[in-house]
Amino acid sequence: MRLQHLWLADFRNYPHLDLELPAGTSLFVGSNGEGKTNLLEAVFYLATMTSFRVNTVDSLIRSGTGASEAVVRGEMVSEQREILFEAALRSTGRSQFQVNRQRVRRRELLGLVPVSVFMPDDLVLLKGGPGERRRFLDDALGQIDPRLDVVRSDMENILRQRNALLRQSGGQLSSDVAVTLDVWDDKFADVGERLAGARRDLVANLHARAETAYESIAIEATPVDLSYESTWSPGGLSEALSHLRREDLRRGVTTVGPHRDDLSVVLDGRPARTHASQGEQRSLALALRLAVHRELEEATGQSPLLLLDDVFSELDPNRSRGVLSALQSEQTLLTTAGALPPDIDYSARFRVTGGRIVREV
């Protein structure tokens with residue numbers, strides 16, 4: 001499925017946009033701050049009902065104009081069939097999303113348009129905390145199987161309820177608190193085990209793909225090891241919750257579970273977070289994204305829409321050529337503020353200036 005037409009109204013710095021897009025690669029060229037990343041963000045929102053940059057809708061609505069709503073519309077085409085996606089993002093009240101004029105929920109949307117996004121900020125996958133890597137895995141799982149996005153959401157809701165009970169207990173395990181904790185523990189163990197199991201399976205599938213992708217990007221064969229790290233898995237989550245109940249009561253927070261797990265990334269036998277160079281980390285981050293791209297492609301039977309946000313700015317020519325050879329998709333939207341690899345092949349080139357986009361070639 002590819003995006004053939006995009007309309008924006010009051011989204012980020014775009015008052016209005018009416019853009020036709022071809023198949024193949026479209027280049028969006030412009031200085032920093034002109035709206036290139038905003039464009040990719042709008043496309044990503046159409047496919048996932050979320051932003052890859054912020055968690056609040058308010059940030060997506062054009063500021064300084066009094067606008068209370070942003071609209072994103074996209075016409076997708078798949079096997080000669082056109083599908084209209086529409087999002088109304090509201091600062092007050094509930095935002096709405098429609099597919100062919102029918103309202104849908106996020107769980108019904110995910111997977112319809114597989115999308116892969118690559119950004120300079122992807123370094124946070126290696127240098128950031130465990131939460132960044134958990135989000136990376138969960139975002140991929142949601143597109144591969146939308147039911148797992150529901151499991152993640154259920155786990156987060158149960159976790160909030162359990163933590164609220166722990167705080168309200170004042171550290172005391174009364175009979176009422178014990179009975180209620182038993183209920184939340186059973187629910188948390190159920191969804192937590194399912195989510196963690198899905199994450200482990202995904203990491204196992206990504207392992208070989210990431211190593212192959214890294215070799216393509218870095219132009220050298222280097223062992224890459226991925227593993228899912230959990231301190232509770234040997235005895236199960238239910239046993240761990242029971243064992244740490246007193247500690248959880250004392251601290252007023254759930255200290256064990258999938259919300260504390262991590263993805264371990266090892267390059268050539270050493271932890272990539274602390275021992276890999278900046279160039280190696282950047283190549284590894286791209287390899288992880290590319291591995292998910294391939295996994296999405298296989299799981300959905302579709303070529304995911306590729307969104308590349310200035311990915312060549314920090315890469316040397318050899319690594320840039322490696323990325324180009326590894327990335328293949330029916331449609332790619334690529335932004336840049338600087339030079340591009342000389343052998344890049346594209347269908348259209350656009351100039352982005354202050355929330356306006358003009359086709360040059």
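**Entry 1: S51**

I started with S51, which is buried at a relative accessible area of 5% (buried is under 20%, exposed over 50%, partly exposed in between, with a 1.4 Å probe and protein chains only). I was working on a predicted model, where local features need pLDDT of at least 70, side-chain atom pairs count only at pLDDT 80 or more, and totals for chains, interfaces and linings use all residues. Residues are numbered from 1 along each chain as its sequence is written, and side-chain values use heavy atoms, with hydrogens and water left out.

I found S51 in the loop between α1 and β4 (helices are DSSP runs of H or I with at least four residues, strands are runs of E with at least two, and both are numbered from the N terminus). Leaving out residues up to four places away in sequence, I listed E41, F44, Y45, L60 and R135 as touching S51 (contact means heavy atoms within 4.5 Å). With E41 there is also a side-chain to side-chain polar contact of 2.6 Å (a pair of N or O atoms within 3.5 Å; within protein, one must be able to donate a hydrogen and the other to accept it, and residues adjacent in sequence count only if both atoms are side-chain atoms).

**Entry 2: helix α1**

Next I looked at α1, residues 36-48. Its 13 residues reach 19 Å from first C-alpha to last, close to the 18 Å expected at 1.5 Å a residue (the expected span is 1.5 Å times one less than the number of residues). I noted that 12 of the 13 are buried, so α1 is largely enclosed by the rest of the structure. Among the buried ones are E41, F44 and Y45. M49 follows the helix with a positive phi, near 65°.

**Entry 3: T65**

Is T65 buried or partly exposed? I read partly exposed, at a relative accessible area of 40%. T65 is in the loop between α1 and β4. Its side chain reaches the backbone oxygen of R62 at 3.5 Å, and a polar atom of that side chain lies 3.3 Å from the backbone nitrogen of A67. I also checked P15: it is 50 residues away along the chain, yet the C-alpha atoms of P15 and T65 are separated by 9.4 Å.

**Entry 4: α4 and α6**

Last, I took α4 (130-144) and α6 (175-218), which pack at about 90° with axes 10 Å apart (axes are lines fitted to C-alpha atoms, for helices over the stretch in contact, and angles run from 0 to 180 degrees between N-to-C directions). They are therefore roughly perpendicular (65 to 115 degrees; under 35 is roughly parallel, over 145 roughly antiparallel, the rest oblique).
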